[in-house]
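Please keep the sequence and the model in view while reading.

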Amino acid sequence: MSANEGWIGRRVQRREDLPLIQGKGRFAADLTMPDMVHMAVLRSPHAHARLLGVDTSKARELPGVFDVLTSADLDGIGEFPVLWQLPGQKASGIPVLARDKVRYVGEPVAAVVAVSRYVAEDALELIEADYDPLPTVVDVESALKAGAPVINEAWGDNVAIRHIVPGIDATGKAGDIDGAFAAADAVVKARFKINRFSGVPLETRGLVASHDPLTHGLTLWSSSQVAHKQRTQLASVLGVPESSIRVMTPNLGGGFGVKWDCYPEDALVCLFSQRLQRPVKWIEDRREHLMGTVHAREQVQELEAAVARDGTILGIRGKIWADLGAHIHSVGIGPAWVTGVSLTGQYRIKNYYCEVIGVATNKVPSSTFRGFGGPEATFATERLIEKAARAVGLDPAEVRRKNFIQPDEFPWFSAGGGVFDSGNYPAALEKALEEVDYDHLREEQAGLRAKGVYRGIGIGCYIHTSGFGPSFILGLVGYNTSGYEGSSIKVDPQGGITIYTGMIPLGQGTETTLAQVAADQFGVDFNDVRVVWGDTSQTPYTGFGSAGSRSNVAAAAILKAAEVVRDKSIRIGAHLLEAAPEDVVYENGGVQVKGSPEKRLTLGDVAKAAYLAHNLPKGELPTLEGTYVYDPAMFTIAFGCHVAVVDVDLETGEVKIVRYVVVDDSGTIINPLLVEGQIQGGVAMGLGGALLEEFVYDENGQLLTTSFMDYLLPSIHEVPHMELHQQVTVSPHTPGGFKGMGEAGMFSPGAALANAVSDALLPFGVEVDRMPITSNLVWSLLPKS
Amino acid sequence: MNTLHTVRLTVNGTAAEVMVEARKTLADALREDLGLTGTHLGCEHGVCGACTVLFDGNPVRSCLLFAVQAAGHEVGTIEGLARGDELHPVQRAFSEFHGLQCGFCTPGMILATVDLLEHTPQPSEDEIKEALGGNICRCTGYQKIIESVQGAAAAMASGLAK
């Protein structure tokens, strides 16, 4: 293999790094423009109140203040739409500024633009908003009580939707859930509580809007994961043609889903810029981020599993209540729906029933976050498996073996309605057990207990659904977005290759990864491939936008676009070499006649001819470029297994992670170095949610975690050494065999740790059925004698 | 509050002068008045460590200092670390070992590492954790950051041996 072949699979050092390690990155906060002014946002201090009036007169008088907006100034401005509208879901939307009523602490009420952020914040203190506080609901239980305060009056109550997922087989026929429970030797029941936490990227959201007086167009520099979707939504909210908006994304300091949503501030900076005819900048501060950017995950789950004596899981049924916060934000219902269809995990469970109930509370809206409903399902399924094993007296690993979908059973139609492309679930479990030396751990466990060491072993198997598509399936579930990614490839007259992608890099190394795919396909040096991203005026529209696990779809689009360009090179090359196209192949960066390597043209030779167009085959158009829009044939399902080994201190409840083994299988790997980074980072984020992170509200709906001293991110001290092992089961659906992987690490830490701590404390009958598993929680679960 | 104060300080070895309000943080003065945007603000309340700079050679959080407090002092930022085109070994190691993803925490991480290796050229894993315990990274899970620090230590040791 020559140096310019085989770029897929290579451990290439990232091209993104050079500016970033020198402090030369360009993040939204780093952007500056002549005449630029700064926005600050007044937010509700009340969780639920009538907004009687907002007096901005004193703020307007402050020197250095240019403009102030309240909802009274927003006639003709729409609301941000709900993108995921399950059939039967009540109408909702996100107002740009609160009108008549505020529904959560942090909701935008007014906005100011001033000469500096300092002065803009001074002005906020001069705005007098008049509130009449209302009773609040801060959890799903109180929101559902008869006579509970209603947050969205038009709904009549606080229930956004009751959605039923009936278990079905491949033909759409329902299983026999009641029969499964009637036939069970044991039934295990549980009430699980998933904590409210979120992506919390280290860079907050940031925006600079600039109105162009010549074209009356708007340019928005935005820390968005989804520039094209942001453009579409802004055009609808602002009531302007989509063609008049250009969204550009600079470096992003992480996103993890929360920058997928659109927010009121996106519209506000644009409005101010139009009004003032000046560039307007807004950089969210951390307190605003914690109370103004979407939260995620919070669910209460009441589930039960029917178990046969031999460990077979005959059925799972139950209900999930999703705490949506005060508005249905963008895809707010989506994660809970994903949980509701995913509880059968990687097991052959054919009888299934789940009810998903979306509930409004006076809290920050809940929406996208890495994992998107999957980790919530993984926690529940893997805890149920563990409980089932205890109920019938089998080892938890054995029960998993008993129920796994087998490698020869794909495609598998899950009872929740999913189609699984490929997998080898038993192999991932066995590899993890072997690496951790499971049998030995079990043998030594009793002896350790006798010495007062409470060691537990917890397994968490996961499947990670990614590559959402084909688009029509999203339509079937009311998801008003699409599954495709487009890619354009242009070969310039010198033979240089530029790829244009709608993907927005968030830090995953997207540019390096996609350049590797293109270099591989053209047989050229990786460094000779340019990648253009982050500009809606240059890049192809993306149906879905960037997410941690979209590189598989974008990479497939590049494979297909490269095919278009290579085919054209062959046609033009054959013409120049005076050979038939079928006798010419693309090889090693050029075209050549089969069996006659001396009859060869480089890609540069072909490109030059293609642009000069003096001598092209009949009917061939000049230039050398190709575009392909790849709509996934089907979802891809990555999978794997985590095993956590922990020691629990009975005195303090502290959980010490002794070992953490990860086996991941995400299909074909483009860059092993970057995949390791993604998995490790995902596991760390999962551990954060499992052990530390939670948005905490008091009974009045006041958010108590408004700084990093209260909302605890994992530091280098909390994240253990991860023993990572990679396996490869290719996807038969994706060109290249790729599967999504950027979210995979997040799925299992909660399940593995809850299982491990429950296992350690088995002698006390302790069951850890909620997150985060803080020392305080563990200590409170221990018997007090 | 609006009175401007003249602050003379040394930044990356060069004399600098800024006119700032007393309430302006050192981080904002570096970023806005001196254009050194490599110093990042992740929390503005002293927890995340992204804004770490070297203040008379010691790592400090520039979001917790006022610019006026830097008068007469020497401030080192990420922009001053490379010698022309030659990267500092710590910068090279972070790239080589994939110790960064989004790169937002990276300037603070690198400066904290430079300080560690200056005082402890061959740190143990515990010493690395102690030195970087105040720098939050949301992307990497820290494993490759630890490898980057170890890689930088090894590179610097072999550089000294040459």
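## The interface between the two chains

Chain A and chain B bury about 4,200 Å² between them, with 56% of it on carbon and sulfur atoms. Buried area is the accessible area (1.4 Å probe) that two parts lose on being put together, summed over both. Tyr118(A), Leu202(A) and Ile716(A) supply 21% of the area that chain A buries against chain B, more than any other three residues. In terms of contact (heavy atoms within 4.5 Å), 54 residues of chain A meet 47 residues of chain B.

The model is predicted: local features need pLDDT of at least 70, and side-chain atom pairs count only at pLDDT 80 or more, while totals for chains, interfaces and linings use all residues. Residues are numbered from 1 along each chain as its sequence is written, chains are lettered from A and ligands numbered from 1 in the order in which they are written, and side-chain values use heavy atoms, with hydrogens and water left out.

## Polar and charged links between the chains

A salt bridge is a side-chain nitrogen of Lys or Arg within 4 Å of a carboxyl oxygen of Asp or Glu. By this rule, five salt bridges cross the interface of chain A and chain B. The side chains of Arg117(A) and Glu44(B) form a salt bridge, with an N to O distance of 2.8 Å.

A polar contact is a pair of N or O atoms within 3.5 Å; within protein, one must be able to donate a hydrogen and the other to accept it, and residues adjacent in sequence count only if both atoms are side-chain atoms. Across the interface of chain A and chain B, 24 residue pairs are in polar contact, both residues being at pLDDT 80 or more. On the side of chain A that touches chain B, the elements giving two or more residues are helix H1 (17-20), helix H3 (117-124) and helix H18 (672-691) of chain A. H18(A) provides the largest share of that side, nine residues. Helices (H or I, at least four residues) and strands (E, at least two) are DSSP runs, numbered from the N terminus.

By class, the side of chain A that touches chain B has 26 nonpolar, 16 polar and 12 charged residues. Here Ala, Val, Leu, Ile, Met, Phe, Trp, Tyr, Cys and Pro count as nonpolar, Asp, Glu, Lys and Arg as charged, and the others, Gly among them, as polar.

## Helix H3 of chain A

Why is H3(A) described as largely enclosed by the rest of the structure? Six of the eight residues of H3(A) are buried, so the helix is largely enclosed. Buried means under 20% relative accessible area, exposed over 50%, and partly exposed in between (1.4 Å probe, protein chains only). The buried residues in H3(A) are Tyr118(A), Val119(A), Ala120(A), Asp122(A), Ala123(A) and Leu124(A).

The cover over these buried residues includes strand E1 (37-43), helix H2 (57-61), strand E3 (65-70) and strand E7 (108-114) of chain A, together with helix H1 (26-33) of chain B. At the start of H3(A), a side-chain oxygen of Ser116(A) reaches to within 3.3 Å of the backbone nitrogen of Tyr118(A).

## The domains of chain B

Chain B is divided into domain 1 (4-80) and domain 2 (89-161); domain bounds come from an automatic or database domain assignment. The C-alpha centres of these domains of chain B lie 22 Å apart. In chain B, 17 residues of domain 1 are in contact with 12 residues of domain 2.

The area buried between domain 1 and domain 2 of chain B is about 1,100 Å², and carbon and sulfur atoms give 62% of it. His40(B), Thr52(B) and Ile78(B) supply 40% of the area that domain 1 of chain B buries against domain 2 of chain B, more than any other three residues.

## The domains of chain A

Chain A is divided into domain 1 (17-23 + 484-630), domain 2 (32-134 + 203-253 + 259-292) and domain 3 (299-470 + 633-781). The centres of domain 1 and domain 3 of chain A, taken over C-alpha atoms, are separated by 39 Å. Between domain 1 and domain 3 of chain A, about 1,300 Å² is buried, of which carbon and sulfur atoms give 63%.
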